[in-house]
Amino acid sequence: MSQRQVLQGLEEYRKARLQFVQRVAEQATRPQNLETLQSAGVISLLRPLLLDVVPTIQQTAALALGRLANYSDDLAEAVVKGDILPQLVYSLAEQNRFYKKAAAFVLRAVGKHSPQRAQAIVDCGALDALVICLEDFDPGVKEAAAWALGCTSRHNAELSQAVVDAGAVPLLVLCIQEPEIALKRIAALALSDISKHSPELAQTVVDAGAIAHLAQMILNPDAKLKHQVLSALGQIAKHSVDLAEMVVEAEIFPVVLTCLKDKDEYVKKSACTLIREIAKHTPELSQLVVNAGGVASVTDCIGSCRGNTRLPGIMMLGYVAAHSENLAMAVIISKGVPQLSVCLSEEPEDHVKAAAAWALGQIGRHTSEHARAVTHTLPVLLSLYMSTESSEDLQMKCKKAIKGILPKCTYLPALEPFLYGAPPNILKHVLGQFSKVLPHDSKARRLFVTSGGLKKVQEIQADPGSLLQEYINSINNCYPEEVVRNA
Amino acid sequence: MATLARLQARSRFLENQYYFRNSVVDAFRKKENCAAVKIQSWFRGCQVRAYIRHLHRIAIIIQKWWRGYLSRKHYQLKVEVAYYTMKMELYNAMAVRIQRRWRAYKVRKYCFNYFYYKQYLRAVSEANETVREILQEYAEIQESEEKKAELEREEKQRAEEARKMHYLLSTKQIPGIYNSPFRKEPDPWELRLQRAKPLVPQRRRVQQKQCAGLADWLACTSARSFPRSGSLPPINRKPCQGPFRNINEVLEQRYKPLEPTLRVAQPIDELTPARQEFQGQEWVRNISDKMFLPFSSHHKKEKYMPSLFSSSKYDPISCRKQGFRSENPGKWICDKDFQTVFPSVDLFSKYGKSYSRAGQIV
């Protein structure tokens, strides 16, 4: 019968479509095929299949498009130009959960590459549809939607503002409370990406009540979740004092310190980052961190990490010590200085060394006791300043650290090596320090002569009338004539 | 004349003598003059000197008195000034003492309390020590838990392996591979194999529970749903020929839990028990069984007299409830009433549930 033939023809066509779309989806998993697929123009072929009557074909087509867009920015641009996003958004509202997951995957894959793609996603009105997906029952759909929103808001503040205006934040906070770990992770990541751009966005996230839930999840044993939660709290706390105080009021201390002993490197790094963002705002917050024993645990954490993961911990010690001399003394008695000097000498990366140099400078610049605690690192700082391999930033930070420590340093045996190897601008400060201390301390004067320092001072050339010459004169005035002559 | 002669004789010499006498006088005149001058000058000098000496003495006396007078005046002033400075220095020294004490007190009490600072640093270091200890303990606990979990996992794995390898156990006749006769004592695996319970080939556990209704049947079938990792297909199955579907798909299809259609899910005589249940509830609730008629239907008790034109053999009374078959047991054919059956619409029972993937949810 003709009816049966007609139906058979249609059935074959349907099978063919299904097979094609499944094959494309499978081939899109392998990167080497993607170039050929793109040049063959598969995107325009997949576009009408998104509106196919058969749900399987729709879902597989969406999956294939997602995998294509995921691979590179060009493919994502091709997907955007192929006018696919409005179709997706249109059918996102009414389809089943598998299709929603696939569509959210496509949106995420397009939005993650660059701000322009993410703007394209916002422009086609996908945000409202994604926010509706966040209210769905299936946790997989919620996860995909939250991930897409997170990828969109990652790039800049306007996109985050658009995501917030679509009303995503309260739903994300609800998603955090769900029992599935993957959903919690993605929701925490999305909140972290939203709140990292500006204080207003962070305030919006806080107003939705996110801090309490995030703080509860610090105790969760899953390492990736802890990392996301700690980074979210860190992004919130970094903007202003009020936000940092709100994070602290959620009673994260001393629980956060247990995260510093975690096996996972990223958890340690994000915990250090959070403590650093809290401690850097005011002396009172640093005091709170110190009283909770934060400095000791961060010092131990620095000792157990290597490389870039140490950087937030080192900066945290620097910020704490910078606020006041009591806090700097607290850092010293927590054995922070040996750890920092180890970092300074061992680390291969220049920016980590620069951070360690800065931190040591902050510790040593307050009083003579602080400078005394830091003097054994001065030769290392000097050698880094003089070495031609150090980057400019490292040299600048070493110079500032030395210039900060030297005026307070009264322990002269540590300064004597500087007479031999230092450049003139540092030598000036060294001699100034000698000229300040020597007139008052007879033992030091004797030591200075016996160790050959006076002889070295005589050998220094200085322009008459310059500051250097004045210092040399004042040093020579401390001694009787013959001693100076013989030296 | 003699004198004249003498004079004339001497006159020659007179000039000379006159000259000489004058010149002698002259000769010594200078000397004598000089001597006289010298004596005079000397004397005058002495005079003057004496005068000057006298003047000096007098001037000295005057000056002495004058200077004494002036210095006494200055001395007064100096003494006043010295006294003043002495007093001021004393005051200054005392003031410095007071200021020193006061500043020490102020700094120690209000600005920088050294002992409090020391105590604070000690407290901080103690807090650090406690925190370090606690964190160390925490890390150790975590490690030990991980190790324990690891050991348990390994132990479980080995027990599983031993169960699977149970056939390698040595018998009386044949020593097993772990029990070589050349060894002093058997391998630990041998002991493990002895302890292990052999794996029984997985048989379908037949549960002979009496299922009262469909709901119980559904509950039974959840036990028969897709088998988990325990069971594998038996080894001695004859290998069949031909291209096969994915075994997981087949097993999924085979052990799919029962998804009854709408037709089956509801019992067909659902209406009757529902009605009975409702009647039972009403019987419990109601005080009297008689229908409580409103007063407005009081007058409706009179019998209706039909008109001749509209009367038929079908009595209007037969329109009431007792005319129905279900309410009137006299009308029943057998001793039971008919069953009221509502079959459901069987349109979508096969949708998404057939073996083929047509229209299947992926």
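I worked on a predicted model, where local features need pLDDT of at least 70, side-chain atom pairs count only at pLDDT 80 or more, and totals for chains, interfaces and linings use all residues. Residues are numbered from 1 along each chain as its sequence is written, chains are lettered from A and ligands numbered from 1 in the order written, and side-chain values use heavy atoms, without hydrogens and water.

**Interface.** I looked up the contact (heavy atoms within 4.5 Å) first. Chain B gives 22 residues and chain A gives 26 residues. The buried area is about 2,000 Å², with 58% from carbon and sulfur atoms. That area is the accessible area (1.4 Å probe) lost when the two parts are put together, summed over both.

I found three salt bridges between chain B and chain A. The rule is a side-chain nitrogen of Lys or Arg within 4 Å of a carboxyl oxygen of Asp or Glu. One of them joins B:Glu146 to A:Lys263, at 3.6 Å from N to O.

**Helix 7 of chain A.** Helices here are DSSP runs (H or I, at least four residues), numbered from the N terminus. Helix 7 covers residues 97-111, and its end C-alpha atoms lie 21 Å apart.

I then checked burial (under 20% relative accessible area, 1.4 Å probe, protein chains only). In helix 7 of chain A, 12 of 15 residues are buried, including A:Tyr99, A:Phe105 and A:Arg108. Their cover includes helix 4 (55-71) and helix 10 (139-153) of chain A.

Notes: Helices (H or I, at least four residues) and strands (E, at least two) are DSSP runs, numbered from the N terminus. The expected span of a helix is 1.5 Å times one less than its number of residues. Buried means under 20% relative accessible area, exposed over 50%, partly exposed in between (1.4 Å probe, protein chains only).
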